[in-house]
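Thanks, everyone. Let me walk you through one model, a few places at a time. Please have the viewer open.

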Amino acid sequence: MFDLDSEIRHKIELIDRSLKIIRENLPTSLEDFLKMGLEKDGIYKQLEFAIQNVLDICNEINSSLELSIAVGYDDVVGSLYNAKIIDDELREKLDFLIQLREVLIYNYHLIQDEIAFKNMPEYLAMIGDFLAFTERFLEGQKWRES
């Protein structure tokens with residue numbers, strides 16, 4: 001039997017691990033960030049991995065609640081929004097994270113390190129907001145399992 005709670009909690013652990021790696025390795029200055037080489041690529045890869053797990057959690061919720069058959073992550077987020085599971089603010093953040101993931105995977109050459117470094121705290125905060133939502137969602141689902 002599929003256990004939504006444990007599946008999502010595993011993804012949360014993976015996200016937490018990625019965020020920790022980013023925070024521990026992100027230098028305090030842009031100059032140091034620009035000099036990182038492969039370590040910088042590792043930070044971007046951890047960010048991509050965290051976002052992927054965020055979107056996987058969205059997909060797990062969509063599937064478990066049988067909201068819609070989704071073709072892509074835009075559909076998944078739209079479905080969660082239409083079902084009033086996520087609000088306007090979280091939808092905007094998730095839409096942005098979808099786009100950021102696309103750049104990290106398919107258009108890596110377009111990344112401007114200066115902008116990414118400046119905005120990294122905001123990216124991590126968006127993921128943190130999603131994790132807070134996920135905890136609330138899981139708590140709200142416990143009554144349904146009884």
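First, a caution: this is a predicted model. Let's start with Thr134. Thr134 sits in helix α6, which covers residues 113-145. Is Thr134 buried or exposed? Thr134 is buried, because its relative accessible area is 0%, and the cut-off for buried is under 20%. Which residues does Thr134 touch, leaving out those up to four places away in sequence? The answer is Ile8, Ile12 and Ile57.

Stay on helix α6 for a moment. Glu139 also belongs to α6. Glu139 counts as partly exposed, because its relative accessibility is 48%.

Next, a helix pair. Take helix α3, residues 38-64, and helix α5, residues 88-106. At what angle do α3 and α5 pack? The angle is about 135 degrees, and the axes are 10 Å apart. So α3 is oblique to α5, because roughly antiparallel would need an angle over 145. The crossing of α3 past α5 is left-handed.

Who makes the contact? On the α3 side, select Tyr44, Leu47, Glu48, Ile51, Gln52, Val54, Leu55 and Cys58. On the α5 side, select Leu94, Leu97, Ile98, Leu100, Arg101, Leu104 and Ile105. Colour them by type. In this contact of α3 with α5, twelve residues are nonpolar, one is polar and two are charged.

Keep Tyr44 selected; it is part of that contact. Now the aromatics. How many aromatic pairs does a search of the whole structure find? It finds six. One of them joins Tyr44 and Tyr108. A pair of aromatic rings is described by the distance of the centres and the angle of the planes. For Tyr44 and Tyr108, the centres are 5.7 Å apart and the planes make 85 degrees. That pair is edge-to-face, because the angle is over 60.

This pair links distant parts of the chain. Tyr44 is in helix α3, while Tyr108 is in the loop between α5 and α6, 64 residues apart. Compare their accessibility. Tyr44 is buried, because its relative accessible area is 2%. Tyr108 counts as partly exposed, because its relative accessibility is 32%.

Last stop. Which residues form one aromatic cluster with Tyr44 and Tyr108? Phe33 and Phe117 do. That's the tour.

Methods
Residues are numbered from 1 along each chain as its sequence is written. This is a predicted model: local features need pLDDT of at least 70, side-chain atom pairs count only at pLDDT 80 or more; totals for chains, interfaces and linings use all residues. Side-chain values use heavy atoms; hydrogens and water are left out. Helices (H or I, at least four residues) and strands (E, at least two) are DSSP runs, numbered from the N terminus. Buried means under 20% relative accessible area, exposed over 50%, partly exposed in between (1.4 Å probe, protein chains only). Contact means heavy atoms within 4.5 Å. Axes are lines fitted to C-alpha atoms, for helices over the stretch in contact, and angles run from 0 to 180 degrees between N-to-C directions. Angles under 35 degrees count as roughly parallel, over 145 as roughly antiparallel, 65 to 115 as roughly perpendicular and the rest as oblique. A crossing is left-handed if the near helix is turned anticlockwise from the far one by less than a right angle, and right-handed if clockwise. Ala, Val, Leu, Ile, Met, Phe, Trp, Tyr, Cys and Pro count as nonpolar, Asp, Glu, Lys and Arg as charged, and the others, Gly among them, as polar. Rings of Phe, Tyr and Trp (its six-membered ring) pair if their centres lie within 6.5 Å; planes under 30 degrees apart count as stacked, over 60 as edge-to-face and the rest as tilted.
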